[in-house]
Amino acid sequence: MKYLPLVWSGLWRKPGRTILVFLQVSVAFALFGVLQGLKTGVAHAVAAARADLLIVHSRLSSIAQPLPYGLLEQIRTVPGVKVAIPVELSFGTWQKPDQGVGVVSVSPEEGWPRAFTFTIAPEYLAAFRKSRTAMLVRDLVVQKYGWKVGDHIPLQMALAQENGSYDWAFDVVGTFTDSDVGGGRYIVIVSYPYFDEARLQKKGTVNHFNIAVTDAKLATQVAEAIDARFANSSHETKTESLREMAQSSMQAIGDFDFLIRAVVGAVLVALLFATTTMMVHSIHERTPELAVVKTLGFTDRAVFLLILAEALSVFLAGAVCGLVLATLTLPFAARFVLGLSMPGVVVAMGLALGALVAVIGAAIPAALAARLRVATALAGHRAA
Amino acid sequence: MNFTRQFLALLRMSLAGITRRPAAVLTIIIGVTCAVAVLVSMLAMGSGARRQVLAGVHEDRVVVNSHGASGIMSSIPREEADTVRSLPGIKKGNDGKPLVEFQSIVPIEARRRVTGTRIFFPLVGMTGGPLSEADPELHLTAGRAFRPGLHELIASRPCLRQFTGFAIGDKRSIGGVDWTIVGHIDQGDSQQCVVLADAEILMSTFKSNTYTQATATLRSPADYEVLRNALESNPTLHLEVRHEREAREEGIKQLNALLNFAAYFVGSIMAIGATLGAVNSLYSIVDSRRREIATLRAIGFGSASVAAAILCESIVLALPGALLGVLLARALFDRMAVSPFGFSFLLDVPPGLAVIGVLWALAMGLIGGLLPALRAARVPVTTALRAT
């Protein structure tokens, strides 16, 4: 503890230089924090994706191939299935061709939200069940288009109604939030029975079924049982949990891992080099002072540790500042990439890396300072 | 002595002294190299993706989609397709039929060769046959074209390289039917796997009665307005037409925005770090030359020329970093295949990116040199000369 003032005065000997190094370290670790936050955030998002929620889609193609609505009864008899809800997906635009929304049609049976990742207030749920043309709007859509409860919203869809018109209209009865990071951002929910009745084509088909299982541990068994039931039929199915789907879509980002590592590596190399030269320069300038310190009885070891402590304090302060900055920028970056977060492990990793770079960077200058010969140094010869 | 002569003499002195200050100089160069290399290689993703998507775009070709929808969300019913064929402005082929091709696109999944990861690729059903006049840039590299009415596929070469099960003669089960791969096509540099089949057989397999989109060749680029007016004034059509370039750019807009945002975000942060490092190094250079500078001032060199020489030195030191950074990015990443978000393409480091890298480095040198240059200009002559 008694060495603290010494470290402190060493740091502020040249305030400009210390502040510059501090800023450089902050910037480097802000970048580190954002990049690692991205990576671990994605991993967390996958782990957080619900494993007890299954999606049954067509084995032919999970995106564009419809399944008949009639499979629902058979799916419901599979043991372990708690709730099974048919889902149809379509796309509409509001006023302008570039203002799109994803239209999710679900049948509003008792307890349907259990098979989804949506959070909906009970009064909105009740209102949604009452009206055939009711529409629930995701909070992000409310922010983007400013719709509110009671609005009558006309939508242009790529799908004709029975009367041949492509113009649809729904009444906003409530809002909801979605915890699924892989889902669409701008989505609305409408009633499947109405939607299916009103459309001209593809009647009686759905895109997929959402299923909540009674016990998450049974998810794999239930999925296999469902697929087995429809094997070799004209509508083979493929059942996956939301977590499995998140995993495979996140694997697609895999190539970024390499990039993140390369960037973090480049940052640390540049930083390491900068600190070493700075510290060497600093020791060079402070030769007479260090000689005095040693004359006063400080051992080589103590001088070595003193220099190391200086570097460590600047680096740790810089790393903390950088990680705080990164945390502050995350909400902004989250607009582009979903699932960003700053878990504790990234903070710990950042601090450890900061300490490591400080120790490696300061080792040479600290050794130079420790090996200083008092007599020659006092005589005015500087450390090499 | 005038300003220019003083400045040049000082600059020559500064540069001659570089070898005596290797550590500070290397710090600047390495910092700038890292910042430029990272910026350029990240920008190479956006430019590579764009280059691939826009390769083979024809100014006289247009894409027709259903209103407000693009990609696989679009759908064109058969009745409307017949009307589209008869619209004005469309070029006639050698056989006298209009050069309009309807495509039915179905996403199919495949497994990666190495990792087994699931990736979606488009299976495109074509009405005009695979090697028609409408698609002059497609040509077979092996095997033969698919025959209409048969469950046959031809695959682009990246499919073969990236996924399993695309060799000629391989069978794939799609829609409960076995399809045979009968040929391979070349699509230039494109890394995206595309599989082609006959539209009618594909649509009957998937029990679909709508095409996804249409591509038409115009008589001349000027006929675009003619076609658009005819399309929009026809009340039975719910379609919209766009230039092929526009349609493709829109498809990649989001990915490009994301990639470029990431590149400039990371690049800026690294540049700030490198600039701070440069400021620090230049301060130390100026400090170690205090007596020298004071002496020069004493014998009549102006403070403006001293400042200008330091600023110029900073910029000169940033340049090798810029070149090294660009070369590094080019050597490591040019033409490297990547597939972020399941979209495969080659990274591309065109000369334009090298220019951006160099400008970036010049900005770092300029900003980094400002404060140290001012300090050098303000060295108090008398105290500096007396200092040890």
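Before you click anything: helices here are DSSP runs of H or I with at least four residues, strands are runs of E with at least two, and both are numbered from the N terminus. This is a predicted model, where local features need pLDDT of at least 70, side-chain atom pairs count only at pLDDT 80 or more, and totals for chains, interfaces and linings use all residues. Residues are numbered from 1 along each chain as its sequence is written, while chains are lettered from A and ligands numbered from 1 in the order in which they are written.

**Stop one: chain A.** Select chain A and colour it by secondary structure: you'll find 13 helices and twelve strands.

**Stop two: where chain A meets chain B.** Show both chains. Here 40 residues of chain A are in contact with 46 residues of chain B (contact: C-beta atoms, placed from the backbone, within 7 Å). On the chain A side, pick helix 2 (15-48), strand 3 (81-93), helix 8 (242-251) and helix 9 (255-285), which each supply at least two residues. Which of chain A's elements gives the largest share? That's helix 9 of chain A, with 13 residues.

**Stop three: chain B.** Colour domain 1 (3-54 + 252-386) and domain 2 (68-237) of chain B separately; these bounds come from an automatic or database domain assignment. Their C-alpha centres lie 49 Å apart. Where the two touch, domain 1 of chain B puts in seven residues and domain 2 of chain B eight.
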